[in-house]
Every structure is written in C-alpha cells, then in structure tokens.
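Here is a short report for a first look at this model. Keep the sequence and the 3D view at hand.

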Amino acid sequence: MLKTGVGFINGDFLGASDDATIDVLNPATGEVLAKAPSMGCVETQTAIAAAAAAFPTWSRLVAKERCKIMRRWYDEVMAHQDDICTIMTMESGKPYTESKGEFLSGAASIEWFAEEGRRVTGDVLQPVAPHRRQLIVKQPVGVAAAITPWNFPMSMITRKVSPAIAAGCTVVLKPAEATPLTALALAELARRAGMPDGVFNIVVGDPAAIGKAMLDSDTVRKIGFTGSTAVGKHLMAGAAATVKRVSLELGGNAPYIVFDDADVEAAAAGIVASAFRNAGQTCICANRVLVQDGVYDTFVEAVTERVSKLKLGSGMDPTTTLGPLISDKGVQRVQDHVEDALAKGATATIGGKRPDLPQPYDKGFFFSPTVLANATIDMKVFREETFGPAIPLFRFRTDTEAVQLANDTEYGLAAYFWTQDLARAWRVAEELEYGMVGVNDVAITSEVAPFGGIKQSGLGREQSKYGLDEYLYLKYIQMGNI
Ligand code: ADP
C-alpha cells in the first residue's frame with residue numbers, strides 16, 4: 001500500500017517538515033483520494049543536498065551499471081502495470097485504457113534511455129598542430145530539477161528522469177500537486193530496483209516555494225519543465241540568475257488542417273482521437289480544426305457522428321471513453337470558451353454544456369464533448385488553448401490561407417494535416433511553424449522521436465537520441481606537447 005502525505009528524499013518516504021498536507025482529489029467525483037505533503041523551501045533544499053551527495057558516485061559509475069539499474073526499474077514498473085494505471089486513473093481522471101497507453105509510453109522512455117545511456121560517446125578531432133591532440137567528452141550537467149504537470153502523471157516524469165539519470169545526473173522532481181501518487185509509486189519501484197539513495201528525489205507541495213528553492217540553488221544545474229507558458233517563462237527568467245540550463249515544453253495551440261482531398265472518415269477519426277484524448281487536456285491535442293470549403297459540411301457531420309458515440313464517465317468504468325477534466329477551474333475555462341464562441345456566432349452541433357450525471361459523478365469535473373461549427377478567428381477558441389473536450393471548426397479556401405491561419409499563433413508545438421497529395425504534403429509540412437507535424441496521422445508521440453516545440457511552445461527536445469543531450473555538456477580537452 002502506498003503511503004500518502006509523503007515525498008521521497010534520499011531513499012526515504014518523508015512528510016513535510018510541519019506535517020502539513022494538501023488534498024489529492026478524484027476528478028470523477030470531487031472526493032478526497034489521498035493526502036499529499038505540503039513541502040516547500042526547506043524540504044527542497046534537503047532533497048537538492050541529497051541529490052548533490054549522490055552525484056559523484058552515480059556519475060562515476062560506468063554507464064553499463066547505471067543502465068542495469070534503470071533496466072531493473074523498467075522491469076519493476078512493467079510488473080506493476082495495473083497498480084500504476086489504477087493510481088493514474090484515480091488521480092488524473094483519464095479512462096483506464098488511456099492510462100494503459102500512457103503507462104506503455106512512460107515505461108518505454110525508461111527502457112529507451114536505459115539503452116541510449118550506453119551510447120554516449122565523444123569525438124577525437126583532427127588536431128590543428130602535430131604536437132597537439134584535441135578531443136571532446138560528454139559529462140552529466142549535475143543535479144537536475146524536473147517539474148511536471150498533471151495531464152500525464154507518469155510519462156512526463158519518465159521522459160525527464162530517465163535521460164537525466166542515464167546521463168549520470170541526479171534528480172529532484174516536483175510532480176504536479178494534483179497527481180503526486182503516480183510519481184511516488186515510480187519512486188518506490190526505483191527503490192526496489194536498487195536505485196541508490198539520493199539519485200531520484202521527489203518533493204510535493206507549494207509550487208512557488210519549491211520552484212524558488214530550485215531556481216535559487218547554484219547546485220541545480222538544469223531544469224526540465226512541462227507545463228504552462230506562463231510558468232515556463234518564470235522558470236526561464238529565474239534560471240538566468242545562476243545560468244542554469246532549461247528545457248521547456250510549454251503550451252500549444254495545435255492546428256488540424258483537413259484539405260479537400262483528405263480521406264474525410266480517417267480525418268474525422270483522427271480529430272476525435274486527438275482532441276478528446278485525456279478529455280482534451282494534452283499539449284498536443286488538436287485545438288483549432290481548419291477545414292477546406294469543399295469538405296466542410298461533410299466533415300462536420302462525420303465528426304459530430306463520432307463524438308456522439310463518446311461515453312462520459314468514471315475512468316475506472318471500462319465502457320468510458322471520455323473522463324472528467326482535472327478540476328472545476330478546467331471546466332470553467334472550457335465553458336467560457338464555448339460560451340464565447342456561441343455568443344459570436346458558432347453553432348454547437350453536439351454538447352456545449354456541463355452534463356447531467358448521476359451521483360457521485362454529479363460532483364465530478366465533467367464537460368460534455370462539444371463540436372463548434374462556424375467558428376471564426378475572433379473567438380477565444382482560435383487564440384487560446386481550450387484544454388478541454390471542445391473542438392472549433394474553421395472554414396478556409398486556399399492552401400495559403402490554411403497555412404497562414406495555422407501559423408497565426410505565438411505557439412509552435414504540434415500541427416496536423418490531412419491530404420492525399422504528395423507535393424502538398426511536403427510543402428505544407430515545411431511551411432508549418434511547428435516542432436512536430438503529423439501528416440495523415442495523430443499518434444505522433446514515441447520514445448524514438450524528438451518531442452518539443454518552437455516559438456513560445458518551448459526549448460529543447462525530450463525523448464529520442466536528442467533527449468539525452470539535454471542532460472550532458474560537451475567538454476573539450478586539448479593535450480599539448482605530445
Ligand atoms: P497547468 O496549468 O497545466 O497546471 P502549470 O504550469 O501551472 O500548468 O503547472 C505545471 C507544473 O508547474 C506543476 O507541477 C505546477 O505545480 C508547477 N508550477 C506552477 N507554478 C510554479 C512556480 N511558480 N514555480 C515552479 N513550478 C510551478
């Protein structure tokens with residue numbers, strides 16, 4: 001049984017120094033599920049000190065030894081699939097089948113970096129003079145901090161912690177206060193796998209106090225963050241004082257373009273899979289659907305038909321395909337966006353309001369899946385990330401107009417489009433100002449591919465062979481008089 005009200009520091013499950021706790025809610029019912037500790041500056045400093053103490057030994061292990069421990073961690077995680085998925089669904093609300101999907105992708109990051117960690121290699125250069133030798137080695141940056149959101153309670157953690165510890169860094173993680181239990185379960189499994197004390201630490205509690213302690217510390221050399229653009233900017237500015245490295249995976253406002261020549265049924269299935277995944281609360285969820293004139297009406301019909309089949313409910317009910325949002329605040333934002341769109345001339349072909357659900361789900365954070373036809377660019381749904389189960393459909397005429405609308409945002413994380421025309425596929429993929437582009441596909445995330453954005457969607461890349469570089473620095477060594 002997982003202890004609650006604790007963080008994980010230096011191999012021990014500890015409460016906040018003043019025993020203060022915060023409630024972790026079940027978003028499907030609004031009921032208190034567990035207590036999380038309310039930690040702050042002092043506990044964060046203790047965790048940073050533990051990570052610093054563990055760093056010399058961990059970083060000097062040969063990569064094979066580090067990766068063996070990570071591989072055991074992966075095996076422990078895989079052996080506890082059902083437990084972790086249950087915890088994830090209970091604290092985040094996502095349907096159990098989605099928790100399974102996240103579980104597999106989260107575990108794949110551990111496995112991938114356990115393999116990649118053995119392939120960190122440097123270079124030997126052609127010397128500029130006969131008596132010199134010049135080479136490059138890669139070394140871990142030091143203690144790394146990770147700050148993660150609630151929408152993916154497992155995979156946002158493993159895609160930061162795994163490359164960090166594979167590279168030889170030690171970590172202090174601050175999971176979202178809404179979903180700390182998955183993180184603690186991962187820590188327990190790391191402990192069982194033989195991860196040395198202090199290599200992986202978790203502090204849970206006051207975001208501002210923990211964040212400040214991380215930023216102020218000269219020991220912390222790197223911050224890996226996934227979350228809102230506002231908090232990302234705050235962390236980037238704060239990291240300047242000690243010139244820490246930052247990797248930021250921030251908000252998106254993903255366009256989803258359906259051209260006249262698209263396979264409309266496949267594109268309709270794609271938008272439902274993308275926009276309603278995790279109740280619309282993923283940073284790469286399609287947020288603005290741009291549909292070409294010739295297929296607009298057919299597409300609206302096809303999407304509405306598919307959305308009508310979604311079943312709202314508790315994530316633990318196997319028939320549920322759409323769970324609650326994380327909080328009432330999240331529901332209010334969707335409602336605000338939908339009401340704004342309706343007031344400005346959009347039509348809800350389905351949904352548009354909070355649902356009537358039986359007890360105890362009437363206290364849960366649900367919003368009915370919504371399709372908004374006749375959306376226009378003066379609506380909030382065009383500019384802002386809705387982060388909920390509502391999709392606006394905008395109409396366009398030409399390719400140029402589609403790309404211009406798609407790029408008309410300060411964000412640049414993921415974009416999707418559907419076409420059967422090869423030349424158009426190349427052209428549009430190149431013209432979209434985004435870090436990731438799905439062509440006739442929406443399931444773009446995997447451990448092998450670099451995940452990240454451009455513009456105000458962030459810096460750096462997670463996953464893939466590039467994800468490890470974020471936790472390594474290049475050291476150039478020249479030897480003379482040879
Ligand atoms: P969201 O709106 O998705 O919750 P946030 O950016 O607020 O996005 O949260 C993402 C993560 O950032 C969470 O772990 C949250 O606790 C943390 N966070 C929020 N504010 C701060 C802050 N001032 N300093 C450090 N971390 C923060």
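This is a predicted model: local features need pLDDT of at least 70, side-chain atom pairs count only at pLDDT 80 or more; totals for chains, interfaces and linings use all residues.

How many bridges pair strand β6 with β20, and in which sense?

Strand β6, residues 133-140, pairs with β20 over eight bridges. The sense is antiparallel. Across this pairing, Gln139 stands opposite Tyr473 of β20.

Both strands belong to an open sheet of three strands, in the order β5-β6-β20. Pairing in the sheet is antiparallel. The edges are β5 (123-124) and β20 (472-479). Each edge strand has a single partner, so one side of each is left without a neighbour in the sheet.

## Around the ligand

The ligand is surrounded by 13 residues. The closest are Pro207, Gly211, Gly227, Ser228 and Val231. Two elements give two or more residues to this shell: α7 (207-216) and α8 (229-239). The largest share, three residues, comes from α7.

What classes of residue make up the shell? Six residues are nonpolar, five are polar and two are charged.

## The annotated site

An unreviewed UniProt entry places the feature "active site" at Glu249. In the model, Glu249 is found in strand β11, which covers residues 245-249.

Is Glu249 buried or exposed? Glu249 counts as buried, because it has 28 C-beta neighbours inside 10 Å, and the cut-off for buried is 20 or more.

Which residues does Glu249 contact, leaving aside neighbours within four places in sequence? They are Thr226, Cys283, Gly452, Gly453, Gly458 and Glu462.

How values were computed:
Residues are numbered from 1 along each chain as its sequence is written. A residue is near a molecule or strand if its C-beta atom, placed from the backbone, lies within 6 Å of it. Helices (H or I, at least four residues) and strands (E, at least two) are DSSP runs, numbered from the N terminus. Ala, Val, Leu, Ile, Met, Phe, Trp, Tyr, Cys and Pro count as nonpolar, Asp, Glu, Lys and Arg as charged, and the others, Gly among them, as polar. Two strands pair if DSSP finds at least two bridges between them. UniProt positions are given in the numbering used here, feature names are shortened, and annotations may be inferred rather than shown by experiment. A residue is buried if 20 or more other C-beta atoms lie within 10 Å of its own, exposed if 12 or fewer, and partly exposed in between; C-beta atoms are placed from the backbone. Two residues are in contact if their C-beta atoms, placed from the backbone, lie within 7 Å.
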